[in-house]
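Here are my notes on this one, point by point. Have the model open while you read.

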Amino acid sequence: AGLDAGPVVVDATNDVPIIAALRDAYFVNGKVESFVQLMGLPEAALSTKYYFPAYNNVTLDGQLRFGNVGSSNTTVTVTIAGVVRGTYNLAPGQAQRVNYIGLDAGPVIVESSGGVPIIAALRDAYFVNGQIESFAQLMGLPASQLSDTYYFPAYNNVTLNGQLRIGNVDTVPTTVTVTIAGVLRGTYPLNPNEAVRINYAGLDAGPVVVQSSGGAKIIAALRDAYFVNGQVTSFVQLMGLPLGQLSTKYYFPAYNNVTLDGQLRFGNVGNSNTTVTVTIAGVVRGTYNLAPGQAQRVNYAGLDAGPVIVESSGGVPIIAALRDAYFVNGVLESFAQLMGLPDAAL
């Protein structure tokens with residue numbers, strides 16, 4: 001109680017593998033107004049450099065959060081759309097939160113000096129009459145995971161406003177291709193340090209594949225917004241899973257379909273059929289047959305437990321995320337989405 005600080009380290013004894021996430025909830029008059037979940041960054045993925053596809057401090061309150069988790073001093077440099085926006089000196093165990101008034105651009109790079117490991121995330125808040133209506137938090141993608149291909153389990157521009165955000169973080173031009181449910185949806189030329197935001201009206205399907213040409217390194221995220229009477233009530237951002245992180249097995253720390261509406265989302269991004277098994281708190285909850293390019297969304301009524309394991313058969317790569325929705329009188333008040341942690345990253 002009463003603690004507002006960082007950075008945060010969660011460490012198990014005896015090298016036992018664990019799974020850890022952070023859930024932030026914002027209350028108004030004792031009622032949840034908005035909440036998010038953020039998967040912890042595994043130690044092996046710790047980096048000196050992180051990427052985000054976009055920063056918005058115009059229609060949102062965009063706040064970059066970074067901390068020094070090394071053992072020596074460092075200077076953190078923030079570059080957005082190819083322009084250095086600020087440098088920040090951090091001692092070991094020190095954290096910083098920064099805003100750039102009137103800036104809406106991307107991509108974003110957060111980098112430390114001297115090879116010192118840091119941690120970085122982006123918190124977006126949406127205000128109505130000076131009060132937070134919704135907020136989201138997105139973990140930066142470590143430089144070692146940067147890829148030319150990213151995956152998402154689902155895209156929804158029917159009941160939500162789904163917006164793909166893509167940035168070219170390489171030094172060469174590229175053309176980005178978006179494929180959803182096995183169908184090519186669009187191609188987008190991007191110069192170095194250029195970003196694009198895309199919506200597909202009336203489309204609710206998955207899985208999603210975002211790929212650049214020529215092996216150029218890109219960054220991709222999905223922002224989902226929920227509107228009521230033309231006003232954003234809730235929104236989330238989900239970082240795409242890089243090709244090198246693709247797995248047959250994913251983990252989540254918890255599933256809640258009691259006080260929330262918890263929906264697991266997974267898709268087959270391989271070339272052959274597979275059976276996906278969902279295990280929660282050590283109990284198999286269901287098995288699901290998926291053809292290539294096919295996706296599934298599942299709920300388990302009355303279940304509030306963890307941890308969660310989503311695994312395919314036959315070595316077929318899949319993608320998995322968890323969407324939590326909070327309803328008040330049958331109306332969606334807030335929702336969050338969390339990408340599963342790949343088995344190799346445990």
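1. Start with the largest pocket, whose volume is about 1,500 Å³. A pocket here is an open set of points on a 1 Å grid over the protein atoms alone, with protein on both sides within 12 Å along at least five of seven lines. Grid points are joined across faces, edges and corners, and the volume is the space filled by probe spheres set on them.

2. A caveat before going on: this is a predicted model, so local features need pLDDT of at least 70 and side-chain atom pairs pLDDT 80 or more, while totals for chains, interfaces and linings use all residues. Residues are numbered from 1 along each chain as its sequence is written, and side-chain values use heavy atoms, with hydrogens and water left out.

3. Back to that pocket: 42 residues line it, with Val8, Val9, Val10, Gly40 and Leu41 nearest its centre; a lining residue has an atom within 4 Å of a point. Strands giving two or more residues to this lining include S1 (21-28), S2 (31-39), S11 (118-128) and S12 (131-139). Strands are DSSP runs (E, at least two residues), numbered from the N terminus. By class, the pocket lining has 30 nonpolar, five polar and seven charged residues. Nonpolar covers Ala, Val, Leu, Ile, Met, Phe, Trp, Tyr, Cys and Pro; charged covers Asp, Glu, Lys and Arg; the others, Gly among them, are polar.

4. The largest cavity has a volume of about 420 Å³. Its lining has 27 residues, and Met39, Met139, Met239, Met339 and Gly340 lie nearest the centre. That lining holds 17 nonpolar, 10 polar and no charged residues.

5. The second largest cavity comes in at about 50 Å³. Val36, Gln37, Ala136, Gln137, Val236, Gln237, Ala336 and Gln337 line it, and S2, S12, S23 and S34 each give two or more of these residues.

6. On to the sheet: which strands form the open sheet, and in what order? Five of them do, as S18-S17-S21-S14-S24, with antiparallel pairing; strands pair if DSSP finds at least two bridges between them. S18 (183-190) and S24 (241-242) are at the edges with a single partner strand each, so one side of each lacks a neighbour in the sheet. Four bridges join S14 (residues 149-152) to S21 (residues 208-212), and Thr149 has Gln211 as its bridge partner in S21.

Terms used:
1 Å grid on protein atoms, 1.4 Å probe; cavity = no way out; pocket = protein on both sides within 12 Å on 5 of 7 lines; lining within 4 Å.
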